[in-house]
Amino acid sequence: MARTRILRKKIKEILEREGHLTGGQIKEFLDNETRWGGGSINSVVMLLSCNGDVEKKDFKEEIWQHKRHRQIVWGLKE
């Protein structure tokens, strides 16, 4: 199986098990559950955006060092 196909399958399993997650949280799960890791956050988010089973659910806002950061919350399509 190709690496991309394995990662897409693993992302779907993680979202089924954990529910809605941000791209960074999904990357952490991929790093812990695969031998080679999930790659960069950018590559993980690209896999999420191109995957037909996954969609954007919400935005999560955090304030860090007096700056506002928005993260996309991803989940499985219903």
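Mentor: Happy to. Two bridges join strand β1 (residues 21-22) to strand β3 (residues 67-76), and the two run antiparallel. This is a predicted model, where local features need pLDDT of at least 70, side-chain atom pairs count only at pLDDT 80 or more, and totals for chains, interfaces and linings use all residues. Residues are numbered from 1 along each chain as its sequence is written, and side-chain values use heavy atoms, leaving out hydrogens and water.

Trainee: What counts as a strand, and when do two strands pair?
Mentor: Strands (E, at least two residues) and helices (H or I, at least four) are DSSP runs numbered from the N terminus. Two strands pair if DSSP finds at least two bridges between them.

Trainee: Which residue in β3 is the bridge partner of T22?
Mentor: That's V73.

Trainee: And how many bridges join β2 to β3?
Mentor: Ten, with β2 covering residues 54-64 and running antiparallel to β3. K56, for instance, stands opposite W74. The two strands form a hairpin with two residues between them, and Q65 in the turn has a positive phi of about 55 degrees.

Trainee: What's the strand order?
Mentor: β1-β3-β2, in an open sheet of three strands with antiparallel pairing. β1 and β2 are at the edges with a single partner strand each, so one side of each has no neighbour in the sheet.

Trainee: Switching to helices: which residues of α3 are buried?
Mentor: In α3 (residues 41-50), V44, L47 and L48 are buried, meaning under 20% relative accessible area with a 1.4 Å probe, protein chains only.

Trainee: What do they pack against?
Mentor: α1 (3-18), α2 (23-33), β2 and β3, with contact meaning heavy atoms within 4.5 Å.

Methods: Buried means under 20% relative accessible area, exposed over 50%, partly exposed in between (1.4 Å probe, protein chains only).
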